[in-house]
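Thanks for sending this one over. Here are my notes, starting with the aromatic rings and then moving to one helix.

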Amino acid sequence: MVLVFDIGRTNKKCCVFDEDYRIIFEHAAQLPETVDEEGFACEDVTLLRQWLFEALQLALTAIDTPIQAINFSGYGASFVHLGSDGNPVAPLYNYLKPFSAVLQKQFYDQYGGEEGFSRQTASPVLGNLNSGMQLYRLKYEKPAIFEHIQWSLHLPQYLSYCFTGQVYSDISSIGCHTNLWNFDAQCYADWVEKEGILPKLAPIKTHGQLLQLAPEINTSFIPVGIGLHDSSAALIPYLDCFSEPFVLLSTGTWCISMNPFNAEPLTAKELQKDCLCYLSHQGRPIKSSRLLAGKTHELQVQQLAKQYDKPLNHYQTVVFDQAIIETIQAESKTKPANYETAYHALMLKIVRDQSRSTKLVLGKSGVKHVFVDGGFSMNLLYMQLLARAFPKLAVYAAEVPQASAIGAALAIHAVWNKKEKPRHLIGLKHHPVF
């Protein structure tokens, strides 16, 4: 049995898988946020840590078979800053918090300009979404906090730290548009040392080297992983199951198109359009593009519900209607007459934007399949419109409800599982154009 904590911005999950990767225990929660010292909403680290231990105890009580390993996946672009006593000395700052334009200019002017620096680090200019910039901001805007930082851990590694008391960094977290990693030299970028940040970053550990659960938590030996960036974790089941070139479109707050088969260097044009490279848990570059489509959908659905006096989840009843599509195209500037038309118009725009974003990573890699997982994979209107946007590719909804959690379990498979890795983990539903 393996226990995985899968920590998203909205949903926190604790899952236990058996040797066939069947879920035998699941506990989920949505935790209230707190605010940082400037009143900006952010993750409540104290509450999150408390929930982790509560979920662990629930899992241990609910199942009879001993847990053989623990691992973690978590959202990226987020640091937990620890002091010398091992406790956080700052909030877990929200990566959507606006970044100072003056400070941003100072940084890029000093380190080679936006275009050259972004290409080298495979990181578009994203402010606090470049997590390394959060440390740079603390140094210049909050030097007292910066001086008190002993270790800065990306969130997945902080989750591991909560259970082991050991600090390590992970290449999949370092390599997710952080501004920290030089993709040409395969090492930390020069500025990290020059700004005195390198000593605050824990040693990098590979996923084959596991830690041990702290004895005060459990006296038995349980191997513990160091955690993965959730997007990199979600890709692992697909890489294990498919060898033919594909793009994985992982949908949620962010919709991320990942192409593990595109080795072409990032261009300035791609970077300007929010294209980047992730690093897999094995350190392999994964050309990717990002779109904030899930958040857009959430906000617009709320607006439509108010405007047309419908339940918040009314969009789930809307089915693809060719006549509505033709009406929208013929009367593009006319206000939608009803909810169904307005929702079709919203999804047309979202999928148009998604098509442009996904095409950025196709390159010459010979991709034949697009696998969609996450929330939009269950939206039949979205899937039909996406299939129409890529008529030469086979578009599938991927039935992997816990892709990030399964990926985290697969990353340490050899430690807890004596069976061969299963090939049936991903159920696919083809969405042909009709």
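1. Keep in mind that this is a predicted model. The ring count comes to 31 aromatic pairs. One of them is Phe53 with Phe163, a tilted pair at 4.9 Å centre to centre and 50° between the planes. That pair ties together distant parts of the chain, since Phe53 belongs to helix H1 (residues 45-62) and Phe163 to helix H6 (residues 155-164), 110 residues apart.

2. Phe107 and Tyr111 make another tilted pair, with 5.2 Å between centres and 45° between planes. Phe107 is buried at 0% relative accessibility, and Tyr111 is buried too, at 15%. Both residues also sit in a cluster linked by ring pairs, along with Tyr108, Phe117, Tyr136, Tyr140 and Trp191.

3. A couple of charges over rings are worth a look. Arg9 puts its charged end over the ring of Tyr95, 5.1 Å from the centre. Lys200 lies over the face of Phe146, 4.6 Å from the ring centre.

4. Now for helix H14 (residues 380-389), which is mostly covered, with 7 of its 10 residues buried. The buried ones are Leu381, Tyr382, Met383, Gln384, Leu385, Leu386 and Ala387. Their cover includes helices H12 (322-330) and H13 (339-359), plus strands S14 (246-251), S18 (369-374) and S19 (394-399). At the start of H14, a side-chain oxygen of Asn379 comes within 3.2 Å of the backbone nitrogen of Leu381.

Key:
Residues numbered from 1 in each chain as written. Predicted model: local features only at pLDDT ≥ 70, side-chain atom pairs only at ≥ 80, totals over all residues. Heavy atoms only, no water. Buried < 20%, exposed > 50% of the residue type's maximum accessible area, 1.4 Å probe, protein only. Helix = DSSP H or I, 4+ residues; strand = E, 2+ residues; numbered from the N terminus. Contact = heavy atoms within 4.5 Å. Polar contact = N/O pair within 3.5 Å; in protein donor to acceptor, adjacent residues only side chain to side chain. Phe/Tyr/Trp six-rings, centres within 6.5 Å; stacked < 30°, edge-to-face > 60°. Lys NZ or Arg CZ within 6 Å of the ring centre and 35° of its normal.
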